[in-house]
Amino acid sequence: PAFNILSYFFTKVTLSKEIRQNIESRKTQESKHSWVRVRGDSDIYYLDFIDLVYLIKNNWEYFKTIFPDQAWIQVKIDELYRCRCLIAHNSDIGEHEISIIKTNFKSILLQISRK
């Protein structure tokens, strides 16, 4: 198999006990439903979206050259998460939420593409 940088990176990061337990629980549940395609070959695919904040904060040494500071990326992910929850729970999103998604996505993309 080809080298997967995401899987490799994920073996290096520190995750809380709770997040690791959530990952294992999701994998166990998924294994019971073989008719549904698996999420991916890395544990990162089993995180909740908001867990990305904790992953970044707990492993700041990997991210400090990418993001200006922890608060900056935390606010962006938190705003995206709130919009994501509306979508995931079958709620309508309006122009304001669409604007939030676009703005935060563009800001993060510009930040990581310049590094």
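Author: Start with the order of elements: from the N terminus on, the protein chain runs α-α-α-α-α-α. There are 6 helices and 0 strands, where helices (H or I, at least four residues) and strands (E, at least two) are DSSP runs, numbered from the N terminus. This is a predicted model, in which local features need pLDDT of at least 70 and side-chain atom pairs count only at pLDDT 80 or more, while totals for chains, interfaces and linings use all residues. Residues are numbered from 1 along each chain as its sequence is written, and side-chain values use heavy atoms, with hydrogens and water left out.

Reader: What box do the C-alpha atoms of the protein chain fill, and what percentage of its residues count as buried?

Author: Along the principal axes, the C-alpha atoms fill a box of roughly 40 × 35 × 30 Å. Buried means under 20% relative accessible area, exposed over 50%, and partly exposed in between (1.4 Å probe, protein chains only). Of the 115 residues of the protein chain, 27% count as buried. The accessible surface of the chain comes to about 8,200 Å², and 55% of that belongs to carbon and sulfur atoms; accessible areas come from the Shrake-Rupley method with a 1.4 Å probe, and for residues only the protein chains shown count as cover.

Reader: How many salt bridges does a search of the whole structure find?

Author: The general idea is that side chains of opposite charge can pair when their charged atoms come close. A salt bridge is a side-chain nitrogen of Lys or Arg within 4 Å of a carboxyl oxygen of Asp or Glu. The search finds 4 salt bridges. In one of them, the side chains of R26 and D48 meet at 2.7 Å, N to O. That pair links distant parts of the chain, with R26 in helix 2 and D48 in the loop between helix 2 and helix 3, 22 residues apart.

Reader: Which residue forms a salt bridge with D43?

Author: The partner of D43 is K27, with the closest N and O atoms 2.5 Å apart. This pair also links distant parts of the chain: D43 is in the loop between helix 2 and helix 3 and K27 is in helix 2, 16 residues apart. K27 counts as partly exposed at 30% relative accessibility.

Reader: Is E30 buried or exposed?

Author: E30 counts as buried, because its relative accessibility is 15%. Its side chain meets that of R39 in a salt bridge of 3.5 Å, N to O. R39 is partly exposed, with a relative accessible area of 41%.

Reader: Which residues does G40 touch, not counting those up to four places away in sequence?

Author: Contact means heavy atoms within 4.5 Å. With that exclusion, G40 touches Y45 and Y46. G40 lies in the loop between helix 2 (17-31) and helix 3 (51-58).

Reader: Where is S107, and which residues does it touch beyond four places in sequence?

Author: S107 is found in helix 6. Beyond four places in sequence, S107 touches W72 and K76. The C-alpha atoms of S107 and I73 are separated by 9.7 Å, although the two residues are 34 residues apart along the chain.

Reader: Where is the place of L109?

Author: L109 is in helix 6 (residues 95-113). L109 is partly exposed because its relative accessible area is 42%.
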